[in-house]
Amino acid sequence: MTTSNTVAHVLQDGPEELKPCFSPEALRQVEEIFRRYPVNQRRSALLPLLHLAQRQFGGWLSRQALDYVAELIGLAPIRVYEVATFYTMYNLKPVGTYHVQVCTNISCWLCNSDAIAQALQQKLGIQFSETTVDGQFTLTEVECLGACVNAPMMQINDDYYENLTPETAVAVIDRMMEVSP
Ligand code: FES
């Protein structure tokens, strides 16, 4: 199998009826992002555009979303696939309403992140890389998120939760379950 085929193989199609298309506000942000770079270097905008697309299209990037970004930026789709599959912060399959990312890298691990992961897995009834059947929570193991000074920690959507214990981590999930529909 060639590298191109291998990269394309890990991508997932989105729902047929949902063709990716940025909102007018997102398109305004695209123009703003493009203005940061020389006109002949639009490819430099790829990372922020993928980030914007992930926010706009439900927290993950389908193959169609990547193709849409490729067309916007004027790159061959394979170039966009290669970048999106390299960085772990781009989600290539659907995630729950709450994307719980638990750092298990060295500082967090030394501060007992294993116990936090275990408590969350038990609370949610899922393992890493899984989503609860109601689609509310996805649990992901991640590398250092740059908050080692307050290890152990986790990120849920855009928010950091630091200096965790298994009990406080579960309490955070409890609060989210209370407000979930
Ligand atoms: S090792 Fe967990 S935030 Fe750095």
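How many helices and strands does the protein chain have?

1. Overall content. The model discussed here is predicted. The protein chain has eight helices and five strands. Read from the N terminus, the order of these elements is α-α-α-α-α-β-α-α-β-β-β-β-α. The C-alpha trace spans about 50 × 40 × 35 Å along its principal axes.

2. Domains. The domain assignment divides the protein chain into domain 1, covering 3-86, and domain 2, covering 98-179. A distance of 28 Å separates the C-alpha centres of domain 1 and domain 2.

3. Burial and contacts. Of the 181 residues in the protein chain, 23% are buried. When contacts between residues at least 6 apart in sequence are considered, 62% of them join residues at least 24 apart.

4. The largest nonpolar core. In soluble globular proteins, nonpolar side chains tend to be buried together. The largest nonpolar core in this model has 18 residues. Those with the most contacts inside this core are Val 100, Val 102, Ile 116, Leu 120, Met 153, Met 154 and Leu 164. At least two residues of this core come from each of β1 (98-103), α7, β3 and α8 (166-179). Apart from this core lies another, of 14 residues, which includes Leu 49, Phe 57, Val 69 and Ala 84.

5. Surroundings of Leu 120. Leaving aside residues up to four places away in sequence, Leu 120 touches Val 100, Val 102, Leu 139, Ala 169, Val 170 and Ile 173.

6. Lys 123. This residue lies in helix α7. Is Lys 123 buried or partly exposed? Lys 123 is partly exposed, because 19 other C-beta atoms lie within 10 Å, whereas a buried residue needs 20 or more. With residues up to four places away in sequence again left out, Lys 123 touches Val 170 and Ile 173. The C-alpha atom of Lys 123 is separated by 42 Å from that of Glu 32, and these two residues are 91 residues apart along the chain.

7. The pair α3 and α4. Helix α3 (residues 46-56) packs against helix α4 (residues 63-73) at an angle of about 140°, and their axes are 10 Å apart. The two helices are therefore oblique to each other, since only angles over 145 degrees count as roughly antiparallel. The crossing of α3 and α4 is right-handed. Where they meet, α3 contributes Leu 46, Leu 49, Leu 50 and Ala 53, while α4 contributes Ala 65, Val 69, Leu 72 and Ile 73. Leu 49 and Val 69 are also among the residues of the 14-residue core.

8. Backbone points to check. Most residues other than glycine have a negative phi, and most peptide bonds are trans. Which peptide bond is cis? The bond from Ala 151 to Pro 152 is cis, with omega near 0°. Pro 152 lies in the loop between β3 (137-142) and β4 (154-156).

9. Positive phi values. Asn 112, a residue other than glycine, has a positive phi near 80°. Asn 112 is placed in the loop between α6 (106-110) and α7 (113-124), and Asn 112 is partly exposed, with 15 other C-beta atoms within 10 Å. Asn 157 is likewise not a glycine and has a positive phi of about 50°. The loop between β4 and β5 (159-161) holds Asn 157, which is partly exposed, with 13 other C-beta atoms within 10 Å.

Methods:
Residues are numbered from 1 along each chain as its sequence is written. This is a predicted model: local features need pLDDT of at least 70, side-chain atom pairs count only at pLDDT 80 or more; totals for chains, interfaces and linings use all residues. Helices (H or I, at least four residues) and strands (E, at least two) are DSSP runs, numbered from the N terminus. A residue is buried if 20 or more other C-beta atoms lie within 10 Å of its own, exposed if 12 or fewer, and partly exposed in between; C-beta atoms are placed from the backbone. Domain bounds come from an automatic or database domain assignment. Two residues are in contact if their C-beta atoms, placed from the backbone, lie within 7 Å. A nonpolar core is a set of buried Ala, Val, Leu, Ile, Met, Phe, Trp, Tyr and Cys residues joined through C-beta atoms within 7 Å. Axes are lines fitted to C-alpha atoms, for helices over the stretch in contact, and angles run from 0 to 180 degrees between N-to-C directions. Angles under 35 degrees count as roughly parallel, over 145 as roughly antiparallel, 65 to 115 as roughly perpendicular and the rest as oblique. A crossing is left-handed if the near helix is turned anticlockwise from the far one by less than a right angle, and right-handed if clockwise.
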